[in-house]
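Good morning, everyone, and thank you for coming. Please take a moment to look at the model on the screen before I walk you through a few of its features.

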Amino acid sequence: MSNPPPQPSLGYSISFSSPSQSDTPSPDPAKNAMPPPPPPPSVSPGQSRFPPPKFQLDQFPSPSVKTPNGPSPASGGGGLKTGSPIPHLSTPPGPPVFTSPVRPAAVPFRASPVTPQPVAFSPAASLPTSSPVNFSNGSLELDHQLSNVTDDDAVPVGEPPYVLFSAHKVLKQKKQANVPSLGFGALVSPGREISPGPQIIQRDPHRCHSCGAYANIYCNILLGSGQWQCVICRELNGSEGEYIAPSKEDLSNFPELASPMVDYVQTVNNRPGFVPVSDSRMSAPLVLVIDECLDEPHLWHLQSSLHAFVDSLPPTTRIGIVLYGRTVSVYDFSEESVASADVLPGDKSPCQESLKALIYGTGIYLSPMHASLPVAHAIFSSLRPYKLNIPEASRDRCLGTAVEVALAIIQGPSADISRGVIKRSGGNSRIIVCAGGPNTYGPGSVPHSFSHPNYAHLEKTALKWMEHLGQEAHRHNTVVDILCAGQCPVRVPVLQPLAKASGGVFVLHDDFGEAFGVNLQRASTRAAGSRGFLAIRCSDDILITQVVGPGEEAHVDTHETFKNDTSLYIQMPSVEETQSFSLSLENKRDIRTEYVYFQFTTQFLNVYQADISRVITVRLPTVDSVSAYLESVQEEVAAVLIAKRTLLRAKNSSDAIDMRSTIDERIKDIALKYGSQVPKSKQYRFPKEMSLLPEHLFHLRRGPLLGNIVGHEDERSVLRNLFLNASFDLSLRMVAPRCLMHREGGTFEELPAYDLAMQSDAAVVLDHGTDVFIWLGAELAADEGKSAAALAACRTLAEELSELRFPAPRILSFKVFFPCPAFYFFFGCFLMPRNEVEPNDSIVKQEGSSQARYFVSRLIPAHKDPPYEQEARFPQLQTLTIEQRTKLKSSFISFDDPSFCEWVRSLRVVPPEPS
């Protein structure tokens with residue numbers, strides 16, 4: 001089966017043939033604990049289909065996914081194996097539970113309203129009698145000799161978890177489980193930091209000689225011989241006598257047999273010429289690649305952000321500065337009093353002779369901040385605005401050549417050479433591109449105008465070149481982040497492959513001001529592991545049908561193989577806390593066992609150059625009862641998974657419209673399959689166990705990911721790709737906003753994200769992931785003292801909500817001065833009278849409709865619903881006086897956008913009762 005040509009999409013979709021059993025003899029697990037780092041393989045992006053996709057005859061049935069969710073810690077390492085029944089790469093989030101109490105503003109809020117309850121990890125249980133096991137020695141009499149490592153009680157797991165399942169239980173019946181409208185799946189965050197972290201083991205792991213799985217807390221063990229039974233393939237394995245113990249209590253001394261997640265750490269580095277450096281090591285090099293074709297207003301903001309940025313860097317950070325326009329200027333830090341640069345042509349890739357002359361010359365192009373801070377400030381102060389009278393989009397920018405030069409500087413001889421051995425820093429080096437327009441000159445460029453007769457061919461060539469450059473950067477452990485700002489279209493599809501292939505991010509900003517400066521700092525300081533692999537193993541009854549996330553299929557030659565290894569291997573350009581993979585899972589057949597098992601292994605080099613193998617094992621119970629399964633469903637995780645599968649297919653605005661219809665069909669199908677029919681009616685009741693799921697999906701349908709809020713296709717593309725790779729917390733907020741109303745005394749009350757929150761005497765904070773809004777009503781704004789205090793409290797809360805988020809969101813604040821919070825609507829567009837909304841943040845540039853539209857269009861229009869429904873779904877209304885409610889009702893003007901209840905009823909579904 002041939003793969004389609006690669007496209008610049010962050011969600012990879014991989015189809016898999018039926019599993020083939022390799023005849024290759026099983027290698028020694030100890031020797032194969034850490035596979036050699038491979039070159040990045042190419043994977044063809046694809047699409048997931050709903051309703052169930054059509055597969056070729058040699059394929060397993062497509063992802064009819066059920067989402068069991070229970071936070072279980074997981075992360076795995078490895079690369080993608082071709083012989084396994086494997087997935088596509090895709091997943092989204094849901095809104096908060098609106099029952100949280102009033103909270104003080106000073107208390108940091110979680111990025112997500114409610115973290116799903118973790119799975120109870122019950123330790124190993126004896127083999128179920130309903131499923132006889134074939135041991136490798138052919139004896140079934142060993143069953144009674146096998147001892148559980150621990151009692152069958154819940155094993156406490158640290159929060160937040162590495163793995164979130166969409167349900168805590170798995171349905172046994174294949175027909176009931178494989179309902180694609182709901183699906184079953186998991187979100188895996190391999191690089192997530194938790195406290196306390198996994199236990200550390202500094203020895204070789206015990207691995208199954210058949211499938212490669214690791215010994216874990218759920219294994220059954222023969223106390224007399226120390227043999228352990230693999231939970232994945234059920235084979236018996238030796239432990240070289242280590243697990244011989246007089247009682248099962250003694251086995252708890254082994255961390256891997258006492259905890260569902262452990263880290264195997266090897267500090268010996270086998271890479272020649274590499275000397276690991278301690279915490280006081282030279283930090284990884286950072287090179288700024290700066291667009292010099294900026295107009296004066298943009299340049300002034302950029303200079304301010306750059307000055308603040310270098311002041312925030314640690315003294316040991318080695319920095320380089322490269323400017324690009326029609327030429328590439330590489331700044332020399334050896335000149336202390338002036339800004340001096342070597343200039344290279346930008347119309348072609350630099351030749352080896354030019355690079356050697358540059359690198360081996362007398363100039364210093366990477367210098368620690370403690371020695372070069374004054375020079376860096378002098379360089380930034382010397383920048384001048386673009387003088388020629390040429391439109392922004394038509395100016396020559398050789399961005400591709402500039403990144404090539406920056407890579408050469410990083411790869412060049414280190415400034416710290418001792419006894420002939422080069423000391424290289426741990427972790428990934430980083431290139432941060434500060435761009436104000438498209439790459440229109442030199443390699444990887446596109447014509448200035450879309451009307452160019454050969455534009456389509458040149459764009460395709462540029463895509464391939466940028467992707468290759470990103471792969472080269474990844475091969476040299478360098479991440480390329482691209483931070484764009486301004487009003488000039490930057491041709492996102494052309495630049496995105498560069499960031500994606502290297503493991504970096506692509507972020508759009510309104511200007512080079514505050515949000516840009518914050519992201520510049522967070523991009524440079526975020527920790528990232530390198531040479532990462534994620535390996536996923538699961539019970540034979542479970543099939544992985546799709547994977548969405550920041551990785552690609554690993555070539556079979558790049559990772560270890562075992563005789564009966566059917567695991568899924570994914571290669572990750574970088575391993576970061578802000579990333580996650582979404583897995584779509586389904587039943588291969590009816591399940592006969594009482595539990596199914598999942599093991600996630602992440603292998604990577606951390607910033608100290610230690611080899612880490614993080615092993616997380618999860619056990620989920622299986623049930624026959626549909627109601628028991630529905631009670632275990634985690635609505636927020638299920639919503640995130642559905643949203644990511646949906647966004648994977650919404651590659652443009654036309655696709656987004658189609659995906660809205662798909663959301664409608666999902667709601668109807670879930671009600672049909674899992675709900676009940678209303679007597680004497682054609683309507684169905686939505687399952688009460690998932691009452692929040694339809695509201696999450698309604699937000700998804702109306703919000704910036706699928707709705708009409710985002711106007712330019714560049715912005716939509718960036719949001720889509722960010723969402724497909726984002727962590728659970730950020731994904732959830734991007735789907736369903738979180739609404740917090742300010743109260744007297746500096747406290748905040750969490751409310752549903754309905755327009756009923758727009759009360760004239762209130763201040764509201766709305767967190768929508770990439771944007772945080774602060775809204776002040778008319779009465780409150782009229783009182784300068786109260787409004788100033790409320791605005792300060794809201795601003796503090798907004799900063800706390802987004803303190804650790806990357807990319808950092810825009811924080812937009814504005815006041816309403818007309819006597820009610822109503823917004824005027826015309827033909828489905830949000831319009832506002834001029835001079836009635838005052839922006840309170842430099843990011844909000846206009847007093848017209850656009851910024852206010854961004855706020856109100858993210859709220860569910862519930863003002864049209866009957867009073868009894870409003871009170872049931874927005875209980876805060878009951879605290880208002882009759883006069884206040886009348887005033888609030890009169891402030892809204894009717895328009896055609898349906899409320900949540902109207903939308904659900906239009907699908908012939910009864911709106912679920914609020915939980």
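This is a predicted model: local features need pLDDT of at least 70, side-chain atom pairs count only at pLDDT 80 or more; totals for chains, interfaces and linings use all residues.

Let me begin with a loop, the one between α17 (784-801) and β34 (810-816), which is where proline 807 sits. Phenylalanine 806 and proline 807 are joined by a cis peptide bond, with omega at about 0°. In general, most peptide bonds are trans, and most residues other than glycine have a negative phi.

That second point brings me to two more residues. Asparagine 477, in the loop between α7 (455-475) and β19 (478-485), has a positive phi near 55°. Arginine 491, in the loop between β19 and α8 (492-502), is likewise not a glycine and has a positive phi of about 55°. Are these residues buried or exposed? Buried means under 20% relative accessible area, so asparagine 477, at 12%, counts as buried, and arginine 491, at 7%, therefore counts as buried too.

Now to a sheet, which is open and has four strands in the order β3-β5-β25-β22, with antiparallel pairing. Its edge strands, β3 (163-165) and β22 (542-548), each pair on one side only. Within this sheet, β5 (residues 184-188) is joined to β25 (residues 581-587) by five bridges, and leucine 187 stands opposite serine 582 in β25. Finally, helix α11 (residues 635-649) lies across β3, β5, β22 and β25, running at about 90° to β5.

Note on methods:
Residues are numbered from 1 along each chain as its sequence is written. Side-chain values use heavy atoms; hydrogens and water are left out. Two strands pair if DSSP finds at least two bridges between them. Helices (H or I, at least four residues) and strands (E, at least two) are DSSP runs, numbered from the N terminus. Contact means heavy atoms within 4.5 Å. Axes are lines fitted to C-alpha atoms, for helices over the stretch in contact, and angles run from 0 to 180 degrees between N-to-C directions. Buried means under 20% relative accessible area, exposed over 50%, partly exposed in between (1.4 Å probe, protein chains only).
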